[in-house]
Amino acid sequence: MATTTTITTVFSSPSAILSSTTTNTTPPSPCKSLLPFKQPLTTLTAAAAIASILTTAPLPSLAQDSPSYQVYYGTAASAANYGGYGGNSNKKDSAEYVYDVPAGWKERLVSKVEKGTNGTDSEFYNPKKKTEKEYLTFLSGFRQLAPKDVILNNLALSDVELQDLIANADGLSSEEVKDDKGQLYYVYEIDGVGTHSLISVTCAKNKLYAHFVNAPTPEWNRDKDMLRHVHESFKTVGSF
C-alpha cells in the first residue's frame, strides 16, 4: 500500500514581516537630540578661515602703479650761451619754463648746432622706446601768438618729423587754453599714421615756447594718461 506524504509550505504575510521590523522601533532618546551636529561646524570653520585669509591678506598699493616724475627746469639759453651738458640742479634760479619728466627717462644732449637751427632746448626719451619722448623748442622775437594754424605751420618749417606727422595725420585738433593767471596756450593734438603727438605753445618774455610729447601708437595706447600728464605739466616760469 503506497504512502502519501503531504508537504505544507507556510508563507508569512508581508505585513507581518513589516510589522515585526517596525514594532521594535523605539523613539530617540532626548539626550541624543542634544548632541552637536558636526558638519555645520566644519563648514563654519572653513568659512571663518577664508574670511581670516581675506582680512589679513595685504591689498595691492595703488601708489606702486602710479608713475613718478621729476621736474625739469629749462633755461632757453641761446646757442652762444649754451653749455650743452645735462643736469638741471643749478638751473632752477634761471629757469624760463618747467615740465615733468617720467622716472627712468633719459636726457638727450642737444648740440649747439641743433639749438641754433631749430631752437631745440631740451629733450627726454624713454630708453625702452626712444621715439616715445618729449622736447621743447623756442624761438626769440615773439611778443604774442599768431593764429593757431600759422603757428603750427611755422613750427613745422624747422621740424621734419612734425611736417611728416601733419601731412599724414588722420586727425588734428587745436584749442586755446588760458591758465589761472590768464596766460594763453595753444594746444594741438595730432593723430598720425603710427604716431600720436601733443603740442603746447605759448609766448612769454619775448619768446615762443613749444613743448612736444610724441609716442608711437602702441606706446600711446599704453601710456596715454602718463603722456597727457607730461603734456599738461608744461608751464613758463611766472605762470604758475
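**Notes on the salt bridges in this model**

1. Lys148 and Glu176 pair through their side chains in a salt bridge, at 3.8 Å from N to O (the term covers a side-chain nitrogen of Lys or Arg within 4 Å of a carboxyl oxygen of Asp or Glu). This pair connects distant parts of the chain, with Lys148 in helix H5 (residues 148–157) and Glu176 in strand S6 (residues 171–178), 28 residues apart. Helices (H or I, at least four residues) and strands (E, at least two) are DSSP runs, numbered from the N terminus.

2. A word on the ground rules, since you will want them: this is a predicted model, in which local features need pLDDT of at least 70 and side-chain atom pairs count only at pLDDT 80 or more, while totals for chains, interfaces and linings use all residues. Residues are numbered from 1 along each chain as its sequence is written, and side-chain values use heavy atoms, with hydrogens and water left out.

3. Back to the pair above: Lys148 is partly exposed at 24% relative accessible area, and Glu176 is partly exposed at 47%. Here buried means under 20% relative accessible area, exposed over 50%, and partly exposed in between (1.4 Å probe, protein chains only).

4. Glu96 and Lys207 form another salt bridge, their closest N and O atoms lying 3.1 Å apart. Glu96 sits in the loop between strand S1 (69–74) and strand S2 (97–102), and Lys207 in strand S9 (residues 207–216), so this pair ties together parts 111 residues apart in sequence. Glu96 counts as buried, with 15% relative accessibility, and Lys207 is buried too, at 14%.

5. Next, look at Lys133 and Glu161, whose side chains meet in a salt bridge of 3.4 Å, N to O. Because Lys133 belongs to strand S5 (residues 129–140) and Glu161 to helix H6 (residues 160–167), the pair ties together parts that are 28 residues apart in sequence. Lys133 is buried, its relative accessible area being 12%.

6. Which residues are linked in a network of salt bridges? They are Arg108, Glu114 and Glu123. By the rule given above, the count comes to 9 salt bridges.

7. Among contacts (heavy atoms within 4.5 Å) between residues at least 6 apart in sequence, 56% join residues at least 24 apart. The protein exposes about 15,500 Å², of which carbon and sulfur atoms supply 57%; accessible areas come from the Shrake-Rupley method with a 1.4 Å probe, and for residues only the protein chains shown count as cover.
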